[in-house]
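Visitor: Please put the structure up. I would like to go through it by question and answer.

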Amino acid sequence: SLPEKCQLNRNGALARRESETSLEVMKLSDFCRRFLQFFTFLFVLLGLAIFILGLYILQHQSHLRDKYEVAQLVDLGQLARVTIGIGTGVFVVSSIGLVGACLKNAFCLWIWALFAIAGIVLKLYLLWWYFNEFNIDNYMKDDWFAIGTEGMERRYGYQHYFHCCGWSQIYDSVSPPFNTQCPFTDPITCKQATLNRLSEYDYIVYIVLCVWAGLEFLCVLAFMPVAVFSDDKEIVQGYDISESAGAAGVATLLPPREEEDEEKTLL
């Protein structure tokens with residue numbers, strides 16, 4: 001009858017609209033998945049580079065101390081171990097995200113997302129700490145006041161390199177047991193000289209942490225549609241959305257069986 005045909009036409013039009021909507025959603029999911037693949041791969045390479053840097057520092061501590069005076073007052077062994085740990089963590093977590101994005105594995109993607117969110121929070125905290133709570137005395141003062149010939153030679157080299165004297169005070173290293181004379185007239189303290197040098201690189205720290213956290217935030221946003229449509233084929237309200245049918249995915253209308261039965265009855 002005419003009312004039944006009109007109802008079938010309305011159902012068909014609604015089905016086509018829903019199919020088009022589902023296709024757009026799948027296109028978005030595919031774009032986000034490729035976005036995740038690209039940036040998680042970059043983070044895998046970044047983690048590998050940080051790991052190699054840590055190994056280099058660990059194996060060439062003497063060379064670095066001879067080449068860079070500031071390295072004389074830094075525990076390069078501890079710095080190397082921290083760098084290796086960071087590189088390993090970035091590499092492993094990013095690899096999990098890359099596997100999840102390539103294989104559309106929701107479990108891997110959720111694990112990666114949790115670590116990524118924690119990483120974003122950590123980087124924001126590091127930014128706040130570096131510009132508000134960083135105290136150089138906690139990391140270099142003990143090495144400055146090391147007793148013995150090696151400590152004295154280290155202080156002399158540091159003073160000549162930065163054209164400074166003492167650590168917190170100009171003459172705080174002159175008397176025994178430190179025995180490090182000040183060879184300059186009206187110098188600044190070596191603590192202040194070190195802070196001045198570090199301040200030259202503040203913008204690099206700020207840019208690196210902000211860009212890294214920003215990219216991770218974008219990846220977390222891209223993760224959500226990918227995690228929802230993590231299988232190769234999704235059935236959405238009776239419509240088969242299959243990526244294997246095309247590069248961007250093809251929506252194929254699957255009418256409900258009730259409508260098929262009604263059409264056969266009319267025929």
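Visitor: Is cysteine 182 buried or exposed?
Guide: This is a predicted model. Cysteine 182 has a relative accessible area of 18%. Buried means under 20%. So cysteine 182 is buried.

Visitor: Which cysteine does a disulfide join to cysteine 182?
Guide: The S to S distance in this disulfide is 2.0 Å. Cysteine 182 sits in the loop between β1 and β2, and its partner lies in strand β1, 17 residues apart. The partner is cysteine 165.

Visitor: What is the handedness of the disulfide of cysteine 165 and cysteine 182?
Guide: The torsion about the S-S bond decides it. Here that torsion is about 85°, so the disulfide is right-handed.

Visitor: How many disulfides does the structure hold?
Guide: One joins cysteine 165 to cysteine 182. Cysteine 164 and cysteine 190 form a disulfide as well, their sulfur atoms 2.0 Å apart. That pair links strand β1 to helix α7, 26 residues apart. The structure holds two disulfides.

Visitor: What is the pairing of the bonded cysteines, numbered in sequence order?
Guide: Cysteine 164 pairs with cysteine 190. Cysteine 165 pairs with cysteine 182. In sequence order, the pairing is 1-4, 2-3.

Visitor: Which helix gives the largest share of the nonpolar patch?
Guide: The patch lies on the surface, with about 780 Å² of accessible area together. Its members include Phe131, Tyr201 and Val208. Valine 208 is partly exposed at 44% relative accessibility. The largest share, six residues, comes from helix α8.

Terms used. Residues are numbered from 1 along each chain as its sequence is written. This is a predicted model: local features need pLDDT of at least 70, side-chain atom pairs count only at pLDDT 80 or more; totals for chains, interfaces and linings use all residues. Side-chain values use heavy atoms; hydrogens and water are left out. Patches are made of residues with over 30% relative accessible area and no salt bridge: like charges are joined within 9 Å, nonpolar side chains (Val, Leu, Ile, Met, Phe, Trp, Tyr) within 5 Å. Accessible areas come from the Shrake-Rupley method with a 1.4 Å probe; for residues, only the protein chains shown count as cover. A salt bridge is a side-chain nitrogen of Lys or Arg within 4 Å of a carboxyl oxygen of Asp or Glu. Helices (H or I, at least four residues) and strands (E, at least two) are DSSP runs, numbered from the N terminus. Buried means under 20% relative accessible area, exposed over 50%, partly exposed in between (1.4 Å probe, protein chains only). A disulfide is a pair of cysteine sulfur atoms within 2.5 Å.
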